[in-house]
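These are my notebook entries on one protein. I begin with the charges and then turn to the overall fold and the aromatic rings.

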Amino acid sequence: MKLYYMPGACSLASHIVLEWIGEPYEAHKLSRDELKGPEFLKVNPLGAVPALSDGDWTITQNAAILEYLAEQAPQAKLLGDGSARSRAEVRRWLGFINSDVHKTFSMIFGAQRFLSDEGPQKELAASASRLLTRLFAQLDAQLAGKPYLAGDAPSIADAYLYVVLRWARGKEIDLSGQDNLAAFFKRMEADAAVQAALKAEGL
């Protein structure tokens, strides 16, 4: 398998899961300019990471890639413990992070795509930051009394949560009082697979 990534982007979640499942893979680093270059646009016409090639087949969209990787190593139980409810719980939080949290970050990282003037861009980013505090509070509440989002073992949703928490720290999102998230972040930082992915991406 071959993962196309940009350091620190949401593709880091797929990179972590590749380390978790222990299958051989190649990681191909892209610069921001290369994302929109003709070669990578043949891989993903949207010019976005991650993309994953497995033989002559390529898949895009982070959530789909994460599920595909989890299914390559069912023994790792990265989609839950095997029950329908457990799988649904993992997908619930994966969807929340992908569709709500990540989407809201786009209003900070790319406010200029939505508004042309600097003043309104700053207002949009500030509003998105406040919303992110509330969204992360829901994740903090979910982690009460458990080490990971869906229970006692990490899932693909946890890899994605770790990545957006890195973004939150970088953008100084107010996470004060969200102690469960702070403990989760330390737990993930100590994970050997997470450390390997970070080292590979130079983070």
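How far apart are the mean positions of the positive and negative charges of the protein? I looked this up in a predicted model. The protein carries 22 positive and 25 negative charges, and their mean positions lie 3 Å apart.

Entry on the fold. I found 10 helices and four strands. Along the sequence they follow the pattern β-α-β-α-α-β-β-α-α-α-α-α-α-α.

Entry on overall dimensions. I compared the radius of gyration with the rule for a compact globule: for 203 residues the rule gives a value near 17 Å, and the protein has 17 Å, so the two agree. I noted that 46% of the 203 residues count as buried. Of the contacts with a separation of 6 or more, 65% are between residues 24 or more positions apart.

Entry on aromatic rings. I counted nine aromatic pairs. In one of them, the ring centres of Phe 105 and Phe 136 are 6.3 Å apart; the planes meet at 70°, which is over 60, so I recorded the pair as edge-to-face. Phe 105 belongs to helix H5 and Phe 136 to helix H7, 31 residues apart, and the pair thus links distant parts of the chain. Phe 105 has a relative accessible area of 0%, which is under 20%, so it is buried. Phe 136 is also buried, at 0%.

I next looked up Tyr 148 and Phe 184, which form an edge-to-face pair with 6.3 Å between centres and 85° between planes. Tyr 148 lies in the loop between H7 and helix H8, and Phe 184 in helix H9, 36 residues apart. Tyr 148 counts as buried at 11% relative accessibility, and Phe 184 at 0%.

Finally, I noted that ring pairs link Phe 105, Phe 109, Phe 136 and Trp 167 into a cluster.

Notes
Residues numbered from 1 in each chain as written. Predicted model: local features only at pLDDT ≥ 70, side-chain atom pairs only at ≥ 80, totals over all residues. Heavy atoms only, no water. Helix = DSSP H or I, 4+ residues; strand = E, 2+ residues; numbered from the N terminus. Rg over C-alpha atoms; globule rule 2.2 N^0.38 Å. Buried < 20%, exposed > 50% of the residue type's maximum accessible area, 1.4 Å probe, protein only. Contact = heavy atoms within 4.5 Å. Lys, Arg positive; Asp, Glu negative; His and termini not counted. Charge placed at Lys NZ, Arg CZ, Asp CG, Glu CD. Phe/Tyr/Trp six-rings, centres within 6.5 Å; stacked < 30°, edge-to-face > 60°.
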